[in-house]
Amino acid sequence: MTDSINVDPAELEKFSSLAHHWWDMESEFKPLHMINPLRLGWIDELASLQGKQVLDVGCGGGILADSMARKGAHVTGIDLATKSLRVAQLHALETGTPNIQYREVPVEALAAERPASFHVVTCMEMLEHVPDPASVVQACAQLVKPGGWVFFSTINRNLKSYGLAIVAAEYVLNMLPKGTHEFEKFLTPSEMAGFCRQAGLAVTHSRGLQHNPLTGRYWLNEDCSVNYMLATRRSHV
């Protein structure tokens, strides 16, 4: 089955084995909880989530999807890690999150099923974990309505990102489980911009995500040399 869909079984197993930690603020997922308000604020500032139909691709345990629903969006989260989706669904039930649903479906299949259905599509920290990131970008472009927003986040590929995102984060500071990232799967902003152009998306904004390991503080700026986010729009035509 996995031969025909854009997924790495080892990556699914990696995240499934950690599924029970998704909402533990002191677990391997603490960095995602720490950066989520920054991501959410930036997305909402540009796309105004209130009342919008929103799709979160590669939603994992639902950290971003849940927060977007609480901002007033009608959110669908999709992932192929069954255990993570169950955690996301359970959290939504336990906390009474409104207007949210989760589905186990490949993004390419959903694009064929529901083209041009969403005002906003987010795909965060996922592209560096799939065999064919360009295919995901293309599917996201198909899913968004004309004039709608598509947001991506991923990790740049250079010596600095290798040192910080892999060596420091996984082996020195133990912020992430060892083996979380593979350097060759990182994507430069120019590669991402190329995928977006091919998919009919125009890159309008970019932001870098920074972290001070001594203070634990995260912030956004213009430096996209390691972690970065792109805001793109589909043309109105």
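Predicted model: local features only at pLDDT ≥ 70, side-chain atom pairs only at ≥ 80, totals over all residues.
Visitor: Hi! Let's start inside. Which residues touch the most other members of the largest nonpolar core?

Guide: Welcome! The largest nonpolar core has 33 residues, and those touching the most other members are Leu-49, Val-54, Met-68, Val-75, Ile-100, Tyr-102 and Phe-151.

Visitor: Okay, on to aromatic rings. How many aromatic pairs are there?

Guide: There are five aromatic pairs. One of them is Trp-149 with Phe-151, a stacked pair whose centres are 5.8 Å apart, with 15° between the planes.

Visitor: Are those two buried or exposed?

Guide: Both Trp-149 and Phe-151 are buried. Ring pairs also bring in Trp-42, which forms a cluster with Trp-149 and Phe-151.

Visitor: What about the rings of Tyr-162 and Phe-183?

Guide: Their centres are 5.4 Å apart and their planes stand at 85°, so this pair is edge-to-face. Tyr-162 belongs to helix H7 and Phe-183 to the loop between H7 and H8, so the pair ties together parts that are 21 residues apart in sequence.

Visitor: Why does Tyr-162 count as partly exposed?

Guide: Because its relative accessibility is 38%, and partly exposed covers the range between the buried limit of 20% and the exposed limit of 50%. Phe-183 is partly exposed too, with a relative accessible area of 27%.

Visitor: Which residues form the nonpolar patch on the surface?

Guide: Tyr-162 turns up again there, together with Val-167, Val-172 and Leu-173. Together they have about 340 Å² of accessible area.

Visitor: Where does Leu-173 sit?

Guide: You'll find Leu-173 in the loop between helix H7 (159–172) and helix H8 (189–199). Leu-173 is partly exposed, at a relative accessible area of 42%.

Visitor: Let's switch to strands. How many bridges join S6 to S8?

Guide: Eight bridges join S6 (residues 201–212) to S8 (residues 227–234), and the two strands run antiparallel. For a spot to look at, find Ala-202, which stands opposite Arg-233 in S8.

Visitor: And how many join S6 to S7?

Guide: Five, and S6 and S7 (residues 217–221) are antiparallel as well. Here Gln-210 has Trp-219 in S7 as its bridge partner.

Visitor: What lies between the strands in that hairpin of S6 and S7?

Guide: Four residues, and Gly-216 in this hairpin takes a positive phi near 80°.

Visitor: Which residue has a positive phi although it is not a glycine?

Guide: Ser-48 is one of them, with a phi of about 55°. Most residues other than glycine have a negative phi. Look for Ser-48 in the loop between H2 and strand S1 (53–57), where Ser-48 is partly exposed at 41% relative accessible area.

Guide: Ala-116 is another residue other than glycine with a positive phi, near 55°. Ala-116 sits in the loop between helix H5 (107–113) and S4, and is partly exposed with a relative accessible area of 29%.

Visitor: One last stop: where is Gly-96?

Guide: Gly-96 is in the loop between helix H4 (82–95) and strand S3 (100–103), and counts as exposed at 51% relative accessibility. From Gly-96 to Ser-153 is 28 Å in space, C-alpha to C-alpha, and 57 residues in sequence.

Definitions and conventions
Residues numbered from 1 in each chain as written. Heavy atoms only, no water. Pairing = 2+ DSSP bridges. Patch = residues over 30% accessible without salt bridge, like charges linked within 9 Å, V, L, I, M, F, W, Y side chains within 5 Å. Areas by Shrake-Rupley, 256 points an atom, 1.4 Å probe, with all protein chains shown as cover. Salt bridge = Lys/Arg side-chain N within 4 Å of Asp/Glu carboxyl O. Buried < 20%, exposed > 50% of the residue type's maximum accessible area, 1.4 Å probe, protein only. Phe/Tyr/Trp six-rings, centres within 6.5 Å; stacked < 30°, edge-to-face > 60°. Core = buried A, V, L, I, M, F, W, Y, C linked by side-chain atoms within 4.5 Å.
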